[in-house]
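User: I am new to this structure and would like to understand how its descriptions are reached. Could you take me through them one at a time, setting each value beside its definition?

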Amino acid sequence: MATYKKRGGRPKTKVEQQTKIEEGSATAEVFNTLDEGANKAEQWVANNQKYIFGVIGLVALAILGYLAYQTYIQEPKEAKAMNEMFQAQSYWEQAMTAVENDSLFNLALKGGNGQYGFEEIIAKYGGTDAGNLAKYYAGIAYLQTGQYQKAIESLDGFKATDEILAPQAKGGIGDAFAALGEFGDAMDYYKQAANLNTNDYTTPKYLLKAGKSAIEAGNYSEAVSLLSQIKERFPESTFVQEADIFLGQAEVMQ
């Protein structure tokens, strides 16, 4: 009958005894090392308690300070800025639908009826969401009144995440560059506007403007590429017919 050695039994030979002793020594050494490490860590904490608590206190104060700033300073400032911008927005909206609109845009920018215009809102509340939005409104007002460099600066300073305003801001910069005759830059911004939020309106609209600017810049191959995209990707768009006309021009001049 076969016999099997049970695990955990007493070592019988000297070799087994030596192995057992070595295993026990190794295990003890590991535990001793861990104990030493723990003791060192405890000693370090004990020696640096003031520093540790000081850092924790500073972090806590920073968090509390931030929350207090947001609650008692930033939020009321945001509300006040939005309230004071109401009149300027009203002038701007009227100007966008009026035939003679320069005076309305000027009121939107400079203020009227004792209320701030966008320029004052930006200067006084530049760090708020309202101040940021005022840069967009002001940029479009500058563009509509022929102040193209100011339009570029204001719209470029506008930090947009909105899917509607973001492409319009980039497109507005493109319009300003086109008005200045800088068609290469205009094309670049129109392309950015087209790609910011793909949809059936702003994408073909700005692809068309980019294509026309490419033609003006003498970049006919790029114009063909941009205008072809409108026909291929947006065949039902209202911009297809105009794109087809300029595409024919670009192909002939290529």
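Analyst: Helices (H or I, at least four residues) and strands (E, at least two) are DSSP runs, numbered from the N terminus. This is a predicted model, in which local features need pLDDT of at least 70 and side-chain atom pairs count only at pLDDT 80 or more, while totals for chains, interfaces and linings use all residues. Residues are numbered from 1 along each chain as its sequence is written, and side-chain values use heavy atoms, with hydrogens and water left out.

User: Where is Asn113, and what makes its phi worth a remark?

Analyst: Asn113 sits in the loop between strand E1 (111–112) and strand E2 (115–116). Most residues other than glycine have a negative phi. Asn113 is not a glycine, yet its phi is positive, at about 55°.

User: Why is Asn113 called exposed?

Analyst: Buried means under 20% relative accessible area, exposed over 50%, and partly exposed in between (1.4 Å probe, protein chains only). Asn113 has 65% relative accessibility, and therefore counts as exposed. Across the protein chain, buried residues make up 32% of the 254 residues.

User: Why does Tyr148 count as partly exposed, and what does Tyr148 touch?

Analyst: Tyr148 is found in helix H7 (residues 148–157). Contact means heavy atoms within 4.5 Å, and, not counting residues up to four places away in sequence, Tyr148 touches Leu143, Ala176, Ala179 and Leu180. Tyr148 and Ala178 are 30 residues apart in sequence, with their C-alpha atoms 9.5 Å apart in space.

User: What makes Lys212 partly exposed, and which residues is Lys212 in contact with?

Analyst: Lys212, which lies in helix H10, has a relative accessible area of 29%, and because this value falls between the cut-offs, Lys212 is partly exposed. Leaving aside neighbours within four places in sequence, Lys212 is in contact with Glu242 and Phe246. The C-alpha atoms of Lys212 and Leu226, 14 residues apart along the chain, are separated by 9.1 Å.

User: What lines the second largest pocket, and how do its lining residues divide by type?

Analyst: On a 1 Å grid over the protein atoms alone, a pocket is an open set of points where a 1.4 Å probe fits, with protein on both sides within 12 Å along at least five of seven lines, and lining residues have an atom within 4 Å of a point. Among the lining residues of the second largest pocket are Trp92, Tyr136, Gly172 and Lys205. H6 gives the most to this lining, with four residues. Ala, Val, Leu, Ile, Met, Phe, Trp, Tyr, Cys and Pro count as nonpolar, Asp, Glu, Lys and Arg as charged, and the others, Gly among them, as polar. The lining of the second largest pocket accordingly divides into six nonpolar, three polar and three charged residues.
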